[in-house]
Amino acid sequence: MRILIAFLLFGLVGLFVSPVLAAEKANAERPNIVWLIVEDMSADFGCYGETAIKTPNVDALAKGGVKFTNAVVTAPVCSACRSALITGMYQTSIGAHHHRSGRGELKIQLPDKVRLVPELFQEAGYLTNNLTFQDFVRPEKQLELNAAVKTAKTDYNFEWNADAYDATHWARRKEGQPFFAQVQLRGGKLRGHGDGDAWPAKAKQTLGSNTPTDAFTLPPYLPADPVILRDWAQYLDAVRYTDWEVGQIVERLREAGELDDTYIFFITDHGISHVRNKQFCYEGGVHIPLIVRGPGIEAGTVRYDPVEHIDLAAASLALAGVEAPQWMQARDILADDYSPRGFVFSARDRCDETVDHIRSARTQRYKYIRNFLPDRPYLQPNVYKDGKPIQQTMRRLHAAGELNEAQAQIMASSRPPEELYDLERDPHELHNLADDPEYADMLLGMRKALDRWIKQTGDRGQQPESQAMYDSDMAAYLKGRQDERAAQTRRNIALMKKLAAEGK
């Protein structure tokens, strides 16, 4: 009962007491909106508590705006996450929940009325861009010669109209026209596989140094093996490089005279690509940085209420004076009358050839995870992840009996059906409280919250992917490939079908 009372009190606190400071609307009627979207990176910046490296530019964004400390993505993998972000809809509600799906002969169509955010901006008179870092910061002299731009990474799992993005650079738009721009930063994908030389050389050339392997402490679920230490050091250099890019972007806006009329949203598409992070609903996979800077936003604001990355859609439209459509599930987290979410949700489904089904519900303090396929190992065979030296190292050390209890958890051959974590006391989610009688009421409340979300949002992942769609996507994966990775993919596909036939 004590836990239930605390749970109910938390809900009241989340609704009425959390330090929620809404942004004032900009004086400009139609401000510019810029989304900085970083790949494969967690909230490892100084303003979020990272001490091993310096990140002055991202920290300056936070100091000059609002920082959300409990932001999550609704999917811990890029294509599902990006499909949700660009529509303001849960990927599970629009059938875009399987990673890199709809790429074969069978296509995925958006539900009726659902539109892309850039299309809504275009209808409001905005120029829309989706650019690489290099394209966004192109100087005026280059634009005088050629102002045309190409669309950068989208990775949407459904059919969409390429005209949603304009082909003219934002700095060459019509007089008085505002712009909406997504900027795709490679982030954690900049690093090699833990032992390559190209990325460390580029990082040193740009940043002046490399992060040494003795400058940081690994999370407790990772062993201090040389391969993993080198990879983490290279990842921190990717964080530093991303910070440098952010500085260049801000300076380009300042030079163009646009900075004071522009809202900058800084997020990542999910956490670091690592063994128990990307593709999983643990904090290392779903917890992301979210910072918003712009006219009227009170500098130095910190928000602790949980928010979802899809909320960028509704908040950005509102800042531009565009009412979010009724079908949109995103919420305007910057609204004066915003009522904080009691829970935020994340979902993991098939990633490449590997079938999985995980859902999570999170409050400011607690995380509930439901494993719908508990008889399967956490690290099912997956060509993408198994090709990484960090994963190979974990398998080697596990086989040799050299992992401690915390490190070996992700190597288990099966999973508990439910997991419950106190994120305040256990931020790395190592102590499952689901079987602790003291937390029985908390478990029940979180379980019911997830069940409500599944029902209310029409979670399409509750039905298995059709064999025809799976085969269609796998054919696209394997088209024209005869290498060893393709052979392993085929073996993994056969295993997935075998497990499904056995009801596992």
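Which residue of β12 is the bridge partner of K367? In this predicted model, the partner of K367 is Y421. Residues are numbered from 1 along each chain as its sequence is written, and side-chain values use heavy atoms, with hydrogens and water left out. Because the model is predicted, local features need pLDDT of at least 70 and side-chain atom pairs count only at pLDDT 80 or more, while totals for chains, interfaces and linings use all residues.

The pair just named belongs to a wider arrangement of strands. Helices (H or I, at least four residues) and strands (E, at least two) are DSSP runs, numbered from the N terminus. Two strands are said to pair if DSSP finds at least two bridges between them. Strand β11 (residues 366-371) pairs with β12 in the antiparallel sense, over five bridges. I369 also takes part, with E419 as its bridge partner in β12. Both strands belong to an open sheet of four strands, ordered β9-β10-β11-β12 with antiparallel pairing. Its edge strands are β9 and β12, each of which pairs on one side only. Neighbouring strands of this sheet are turned against each other by 15° on average, direction ignored. Helix α14 (residues 440-456) packs on the sheet and touches β9, β10, β11 and β12, and its direction makes about 65° with that of β11. Here contact means heavy atoms within 4.5 Å. Axes are lines fitted to C-alpha atoms, for helices over the stretch in contact, and angles run from 0 to 180 degrees between N-to-C directions.

How many of the five residues of strand β12 (residues 418-422) are buried? Five of the five are, so β12 is largely enclosed by the rest of the structure. Buried means under 20% relative accessible area, exposed over 50%, and partly exposed in between (1.4 Å probe, protein chains only). In a regular strand the side chains alternate between the two faces of the sheet. In β12, E418, L420 and D422 point one way, E419 and Y421 point the other way, and all are buried.

Strand β2 (residues 66-72) runs antiparallel to β6 and is joined to it by five bridges; A71 has I288 as its bridge partner in β6. Strand β5 (residues 262-268) also pairs with β6 in the antiparallel sense, over four bridges, and F265 has V292 as its bridge partner there. With a relative accessible area of 45%, G300 is partly exposed. Not counting residues up to four places away in sequence, G300 touches A62, K63, G64 and G65. The C-alpha atoms of G300 and T69 are separated by 13 Å, although the two residues are 231 apart along the chain.

Turning to the helices, W199, P200 and A203 are buried in α7 (residues 198-207). Seen down the axis of α7, the buried residues fall within an arc of 100°, so they line one face of the helix; the arc is that of the directions from the helix axis to the C-beta atoms. The buried residues of α7 pack against α8 (226-255), whereas the face turned away from the buried side carries the exposed residues A198 and Q205. G208 follows α7 and has a positive phi, near 90°.

Helix α15 (residues 467-478) and helix α16 (residues 484-501) pack at an angle of about 170°, with their axes 11 Å apart. The two are therefore roughly antiparallel to each other, a term used for angles over 145 degrees; angles under 35 count as roughly parallel, 65 to 115 as roughly perpendicular and the rest as oblique. Q467, Y470, D471, M474 and L478 of α15 meet A486, T489, R490, I493, M496 and K497 of α16.

Most residues other than glycine have a negative phi. K113, in the loop between α3 (78-85) and α4 (117-123), has a positive phi of about 80° although it is not a glycine. D352, in the loop between β9 (344-348) and β10 (358-362), has a positive phi near 55°. Are these residues buried or exposed? K113 counts as exposed at 68% relative accessibility, whereas D352 is buried, with a relative accessible area of 8%.
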